[in-house]
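Please read these notes with the model open beside you.

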Amino acid sequence: MTLQFQPGSLVQARGREWVVLPDSRTDLLRVRPLGGSDEDATSIYLPLEAQPPKHATFPPPDPTKAGSYGAGLLLRDALMLKLRAGAGPFRSFGNLAVEPRAYQLVPLMMALRQQTVRLLIADDVGVGKTIEGALIARELLDRGEIKRLAVICPPHLCEQWQEELEEKFGIQSVVVRTGTASRLERGIPAGQSIFDVYPFTVVSLDFIKKERRIDEFLRACPEFVIVEEAHTCVGAGGASRHQRYNLLRGLADDLDRHMVFLTATPHSGDETAFYNLLGLLRPEFQGIGQLQGKAKEQLRQELSVHFVQRRRPDIAEWQDSTVFPDRLSKEATYKLSGEWGHLFGDVLSYARGMFEEGMKLGRLQQRMNWWAALALLRCISSSPAAAAAALTTRLRSVSGASDAESLQEIEQLGSETVLDGEGDDLLTLDDAAPAALPDRDGNGESVILSALVAKAQSLRGAKQDPKLAELLKVVEELVNEGFEPVIFCRYIPTAHYLADELAERYQKKGFEVVCVTGELTPEERQERIEQMREHERRILVATDCLSEGINLQEFFTAVVHYDLSWNPTRHEQREGRVDRFGQSAKQVRTVMLYGENNPVDGAVLKVILRKAEQIRKELGVTVPMPADTGKVMDAVMKAVLLRKGGLSENVNQMSFDFGPVGRELDAGWESARETASRSRTIFAQHRLRPDEVLPEWRKAIQVLGGADDVQRFVSAAAQRLGAPLEATGKGFKLPVDHFPLGLRDRLGSIGWRGTVRIAFDYPLPVRAHHVHRTHPLVLALAEHVTEIALEGEDAKIAARGGAIFTDQVKERTTLYLLRLRSQLSVRYRSIDRVLLSEECRTLVVRSSGAEALDAAATRDLMNLSPTRNMDPAMRERLVQEAVAALPGLEGQFAEIAGQRAEDLLNDHRRVRSASEAKGFRYDVQPCLPVDVIGVYVILPVVSF
């Protein structure tokens, strides 16, 4: 049945005018107030209306309420920034709370060239993969091509994804994992699942991979899926990895499902894992490694439309490298000397004794002694606090279990607490101090242990602990230069030890010193970080629980590696929390702290970290460990434990010779380097170039307004409403309490009272709120200004009519500010949907003729300054004459609307159908008559 009121048409109901929205039915109208926003939309159920709605027309401006010319520009900006369904090549830009950088549109453009989106985004850490993946989802939602979305990610990233989706993309999701699933399932009808009821979900990978849940998820999974840390789901790695891969393989087998895979390390050294990952894009990609010659080249070319990988240097061609700070790295060293050196030597001897004793025992006891020795080495290298904790904790076999079961349990526990995880994709977040005593005891040993614990406890503090003393020097240097540091350490006792020492020194100087460890839940960690926002100066001490999941670029500008990670990927992750998109500082600092004569640090530096850094500088990518992490560290630490002799204060760590083990690892690194280099060559991304993407980006910004338009509007609106902005270097102060009462109440609902610091573009000043085009401040001001103009309340603030004298034109010029609405009909996979597009355009009429103006030309004309005053009666007469000419211009208005509808149709066909994908059909029709929002007359001074 044909709708009585088409989307985009104007109706009168309940004593006011409304715009009809899509999703209306014959008996139900979805409408938005004429001067309101989509947030004010409501439904009108026609059978219950006392007075049925009727067609309405937009009234012309009232000449008696003409105002200043500047009030017209303010109204025009308000209308533009209120747009959500703006015309242009992209549907989603009006709903974003972030203005994507041009280079971040490349994955979106690639996705829109595919009928079913299958994309692997493998950009560097900090480039913005979350934004790139979520932007694709938001665009397909706004195009009506999907209705549901699931993000599958590691459990510690769930809250971050939920927050990003809501704050930046206006998508309110629920987290699905062990702790929330039962609550979400309450009240759901039989036969339905969480994914049937909740359209937008963030799903814990560890929760959904279980066999009892996979079948249900495959049945009810949304039509669009984003997979975070996709490399953790492919390749070898035991039952857990197998479950993850089965899940993704099952999802990918539905060839109509859109899937976007995100990872900073697509190739982690495992060729099979890499090709399994490619096979999720298209099954034939899994066999690309076995092909040769022309067949391989052809398939590689096909892969290039599904695979985008960019390093930081690749962003430079977009003239946008300023969004990333310069990273200045340095090293700081200390010596194990004095009493601390003696203690380290005693502990090293004790660990060697355990290792040698274990070699004579059975396999279970041998591995228990090994893990205990390794724990001692890590903890004594970390801090006195960690050493004391390790020396008082026993590693026990599982009660009642077989030796084989106990051995498996011991190996898993040791890997999680002593090492940094197995490989690049299973980095552990367990930051508890490990057990360093095997499951045995004796009176003699107890005496030795008690003495070691007492000695470790007595050496706390900078006077006895040379590592802490060096850290204090590093921190002092950083804060004196204006940096705000995050200090990463491996274990919880070390974190508390450092935080206590730093708090005693720096809190009296006005610093906020905070400690965050795995003892806190993810929500508590986020809350503790947010509480630091109000402090001028801050220092954070954290374990690696913060190296993933919570971005710190808004609060911190330096990273100190207090404890060396035994995996180079972890170092990059730590630094990537600060050195990433959105960092306000032009430079970030990183400092790696290690002991000059510490054999443990020497081993890690020589055979792992320096090798990885050398390759990263050469290739521009972080290369993973060349072999299984546990095996590597077993070999390296055995070399340390088998090395005879005491601890020398004058031994340089690079002089350590690891013999055959070192040479084997060197060969492994070289193989990893060659593999990575070959991979980057073979799978080189034939990227979309800036000249292919930037024109589309500029079109969208021109229609909807960008950061410059937002700043101009907010500044002018605040000035006219009695709350002028105060410039503060990089940002502004906004006196919220000076606004009219209604505006104060709206802003109070988001916690804005008193004076608020704001900024309009990245990088953001410290503690400043980013005001973008969809920010509540912009929406509140735009609606307030529009209401004033439409109601004719105060022409000094905003007016639909105006006139000026200026010496910047040579003939009488009349501007007609128009609001265009178009119906966009989309047919996709046999489903029809009608969307609404809106934009502001201008017709300028001169004695020499009439022409339509784009946004930039309109802004230039409406920014003209008056040269002399104009009598109010004359202004009213000029506006009256311009309004009287409206009937004769309707044909030209309709022509503009028709041309813009045709442009919109071409935009959509171009960006969505460039791949000649079947199943898409577009049609665009202008909604007539066009709304004439404002009439403004410019007179040359020379005429009078």
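This is a predicted model: local features need pLDDT of at least 70, side-chain atom pairs count only at pLDDT 80 or more; totals for chains, interfaces and linings use all residues.

1. Residues are numbered from 1 along each chain as its sequence is written, and side-chain values use heavy atoms, with hydrogens and water left out.

2. The chain has 944 residues, of which 58% count as buried (under 20% relative accessible area, 1.4 Å probe, protein chains only). Its accessible surface comes to about 37600 Å², with 48% belonging to carbon and sulfur atoms (Shrake-Rupley method, 1.4 Å probe).

3. The secondary structure comes to 30 helices and 30 strands (DSSP runs: helices are H or I of at least four residues, strands E of at least two, numbered from the N terminus). Among contacts between residues at least 6 apart in sequence, 77% join residues at least 24 apart (contact: heavy atoms within 4.5 Å).

4. Six strands form an open sheet with parallel pairing, in the order β13-β20-β19-β16-β18-β17 (two strands pair if DSSP finds at least two bridges between them). β13 (326–334) and β17 (511–516) are at the edges with a single partner strand each, so one side of each has no neighbour in the sheet. On average, neighbouring strands of this sheet are turned by 15° against each other, direction ignored (axes are lines fitted to C-alpha atoms, for helices over the stretch in contact; angles run from 0 to 180 degrees between N-to-C directions).

5. Strands β16 (residues 485–489) and β18 (residues 537–543) run parallel and are joined by four bridges. V486 has L540 of β18 as its bridge partner.

6. Helix α17 (residues 466–480) packs on the sheet and touches β13, β16, β17, β18, β19 (558–561) and β20 (587–595). The direction of α17 makes about 150° with that of β13.

Terms used: Buried means under 20% relative accessible area, exposed over 50%, partly exposed in between (1.4 Å probe, protein chains only).
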